[in-house]
Amino acid sequence: MIEENTTSEIVNSKVSSPLRPLAAERLEAVSAWGGASSSVSYVYRPTTVEQLQEMLSVAAKSGRSVGLRGGGNSYGDAATNSENVLLDMRRMNRILAWDPLSGVVCVEPGVTISQLWQYVLEDGWWPPVVTGTSMTTIGGCAGMNVHGKNAYQVGPIGDHIQEFEMMLPSGEIVICNREENSDLFYAAIGGFGVLGVFTSIMMQMKRVYSGLLDVYTQAQPNLAGMFEYFETFMDSSDYIVGWIDSFSKGAGLGQGDVHRANYLPPGADLAPSQTMRLDYQHLSPNMFGFMPRSVIWIFMRPFMNNLGTALINKAKYLSGHLAGPRQVRQSHAAFHFLLDYVPDWKNSYGPGGLIQYQPFIPKETARDAFVDMLRLCQRRGLPNYLTVFKRHRPDDFLMTHGLDGYSLAMDFRITERRRPRVAALTRELDEIVLAAGGRFYFAKDSTLRPEVAQAYLGKGTIEKLKKLKRRTDPHNLLQTDLWRRVFG
Ligand SMILES: Cc1cc2nc3c(=O)[nH]c(=O)nc-3n(C[C@H](O)[C@H](O)[C@H](O)COP(=O)(O)OP(=O)(O)OC[C@H]3O[C@@H](n4cnc5c(N)ncnc54)[C@H](O)[C@@H]3O)c2cc1C
C-alpha cells in the first residue's frame with residue numbers, strides 16, 4: 001500500500017489540487033550506480049500490477065513525478081528522480097511462463113539477468129543478450145535496450161523481445177509487439193522509462209549445447225590491431241570484446257587484450273548436462289582459495305589513481321603479450337559476468353565514485369575518432385581507468401544507440417577536484433563524437449546536454465518521442481533526473 005501523510009509538505013506541484021502529501025518515512029537516498037550523483041526520493045516497491053496501479057494513482061495525486069528503477073545499474077541519473085517518487089521494480093520478479101521446447105520466456109520486469117540465466121540454462125538455453133553485470137533487471141534492460149559482447153551479431157535485447165505489456169500512468173495496460181502498437185514497441189524499448197511501466201516481457205532465448213564457451217584471448221599492440229582483429233573475427237565469433245590500456249602512447253596507443261568466444265556446437269561437449277548445472281557455472285567465492293572476493297576492492301583502492309592504474313593496465317597488457325594467444329573453455333557465467341566476481345569493485349574508486357562515457361561511432365570514422373579521444377584524455381591528464389571496446393550493428397528502435405560501428409566505454413574517476421575537469425573534457429569529447437557522426441548511450445550517461453542530444457538524435461526523433469509521451473503520459477508523470485536534464 002502507498003501511504004499518504006497529512007503532515008508532509010508539498011513541493012514541486014504539477015497537477016491540479018487537491019494534492020495529497022506522501023509519507024516522509026518513504027524518503028530514501030538513492031545513488032547513481034557509479035556513485036557520482038545521488039538524490040532523495042519517495043521510494044516504493046510494488047509486488048503486483050494492482051499495487052503498481054495504485055502507486056501511480058496516489059503519486060499523481062501528490063503532484064510529484066514518478067521515476068522507474070530496476071536494478072539501479074545505470075551509471076548516471078537514468079534511474080533516479082530527485083525529490084519525487086521512485087518505483088523500485090525489483091519485487092515484481094516472477095517468471096510468468098517458460099516453454100523449454102521453444103525457449104520463449106515471459107517474465108515480470110524485476111526478474112534479473114542472473115535469475116533468468118539460472119532458470120533457463122539447465123534446459124539448454126541462454127539469454128540472447130546479457131550485460132557485463134548480471135544484476136540488471138529485464139525491465140531495466142528493455143528500458144535501455146542493452147547490448148552484449150555479441151551486439152554486432154544479434155543486436156540489442158529489443159531484437160529478441162517478442163512482446164511486452166506496459167502500464168500507462170492512467171493505469172491502463174497496453175500490449176505492444178511488432179504488429180500491435182508497434183510505434184510504442186519501438187519507442188518504449190530504449191525509451192528509458194518515460195512512456196510507461198513494463199509489467200511483463202516475452203523473449204526468445206538462445207539454444208546452447210553446453211555450459212561452456214570456447215574463449216580465445218590475444219594481446220593487440222595498438223588500436224589498429226584491435227580494429228583489424230574485430231574485422232577479421234567478427235563473422236566467425238559469437239562474442240568479441242576488447243580491453244584497452246588507455247595510458248599507452250605513441251605506436252602503442254590503444255593496446256590491450258581481445259577476448260572472443262564461440263558457443264560449442266552439438267556434440268562438442270561430451271557431458272552438457274553436467275556443464276549446464278548451476279554449481280558448475282558458479283565461481284568460487286574465494287580468490288587463491290582463501291581470500292574472499294568481497295574484500296578485493298579494498299586492495300584495489302590504493303591503485304585507483306593515474307599512477308596505480310597505469311601500472312595495472314601495463315602489467316595486464318604485458319602479461320597477455322608475453323603469454324601469447326591462449327584458448328580456454330570457460331563457463332558462460334565466468335565469461336560474461338567477470339565484473340560480478342569482484343563484488344563492490346566500484347567502491348575502489350573512492351567516495352566520489354565514477355562516471356562512464358560511452359560513445360558509439362560509425363566504422364568509417366571510428367579509428368580516427370578513438371585516437372583523438374584517447375590522446376585528448378591523456379593531454380588533459382584524465383586517462384580513463386577501464387576502457388572497453390565493442391562492435392555494434394544498427395537497429396530499428398527510436399532512441400537507439402546502435403549503429404554499424406564501434407563503441408568505447410571509458411570510466412573516469414570522480415573526485416571534488418576532478419569533477420569540473422572531467423565535465424570540461426566530456427564537452428570536448430562530445431565535439432569529436434558529433435563530428436564523427438556518433439551517438440551516445442543513456443544507460444551510461446551523466447553529462448549529455450540537450451543540444452548534443454538534439455544534434456545526434458535529430459529534432460524529428462525527439463519530437464516523435466515527445467508526441468508519443470503526450471499520448472501515453474499526458475500529465476508528464478513519468479520522469480527521471482536524466483529526462484529533465486536532457487529533454488526537460
Ligand atoms: C558493471 C556494469 C556493466 C554493464 N554492462 C553493460 C553492457 O555490457 N551492456 C549494456 O548495454 N549495458 C551495460 N551496463 C548498463 C546497464 O546494463 C543498463 O544501465 C541497464 O539498463 C541497467 O538495468 P537495471 O535493471 O539496473 O535498470 P536501471 O538502471 O534501474 O534502469 C534503467 C532504465 O530503465 C527504466 N526502467 C526500469 N524498470 C522499468 C520498467 N519496469 N518499465 C519501464 N522502464 C523501466 C528506468 O527508468 C531507467 O531509465 C552495465 C552496467 C554496469 C553497472
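Let's start with a sheet: five strands make an open sheet in the order S5-S6-S10-S8-S9, with antiparallel pairing. (A strand here is a DSSP run of E with at least two residues, a helix is a run of H or I with at least four, and both are numbered from the N terminus; two strands pair if DSSP finds at least two bridges between them.) Strand S5 (95-99) and strand S9 (173-177) sit at the edges with a single partner strand each, so one side of each has no neighbour in the sheet. From one strand to the next, the twist averages 10°. For such angles, axes are lines fitted to C-alpha atoms, for helices over the stretch in contact, and the angles run from 0 to 180 degrees between N-to-C directions.

Before going on, keep in mind that this is a predicted model, where local features need pLDDT of at least 70 and side-chain atom pairs count only at pLDDT 80 or more, while totals for chains, interfaces and linings use all residues. Residues are numbered from 1 along each chain as its sequence is written, and side-chain values use heavy atoms, with hydrogens and water left out.

What holds strands together in general? Strands of a sheet pair through backbone hydrogen bonds, either parallel or antiparallel. In our sheet, take S8 (residues 161-167) and S10 (residues 197-204): they pair in the antiparallel sense over six bridges. Along that pairing, phenylalanine 164 stands opposite isoleucine 201 in S10.

Now find the other sheet, an open one of four strands in the order S1-S2-S4-S3, where the pairing is mixed. S1 and S3 are its edge strands, each pairing on one side only. Ignoring direction, neighbouring strands of this sheet are turned by 50° against each other on average. S1 (residues 27-31) and S2 (residues 38-44) pair in the antiparallel sense over five bridges. Leucine 27 faces tyrosine 42 in S2, and glutamate 28 stands opposite serine 41 in S2. S1 and S2 form a hairpin with six residues between them, and glycine 35 in the turn has a positive phi of about 75°.

Next up is the ligand. Of the 34 residues around it, Leu68, Gly70, Ser74, Thr137 and Tyr441 come nearest (a residue is near if one of its heavy atoms lies within 4 Å). A polar backbone atom of glycine 72 is 2.8 Å from a ligand oxygen, and one of asparagine 73 is 2.7 Å from an oxygen of the ligand. Glycine 132 has a backbone N or O atom 3.1 Å from a nitrogen of the ligand. The protein covers 98% of the 970 Å² of accessible area that the ligand has on its own, using the Shrake-Rupley method with a 1.4 Å probe.

Which elements give two or more residues to the shell around the ligand? They are strand S3 (66-69), helix H3 (138-144) and S10, and H3 gives the largest share, four residues.

Note on methods: A polar contact is a pair of N or O atoms within 3.5 Å; within protein, one must be able to donate a hydrogen and the other to accept it, and residues adjacent in sequence count only if both atoms are side-chain atoms.
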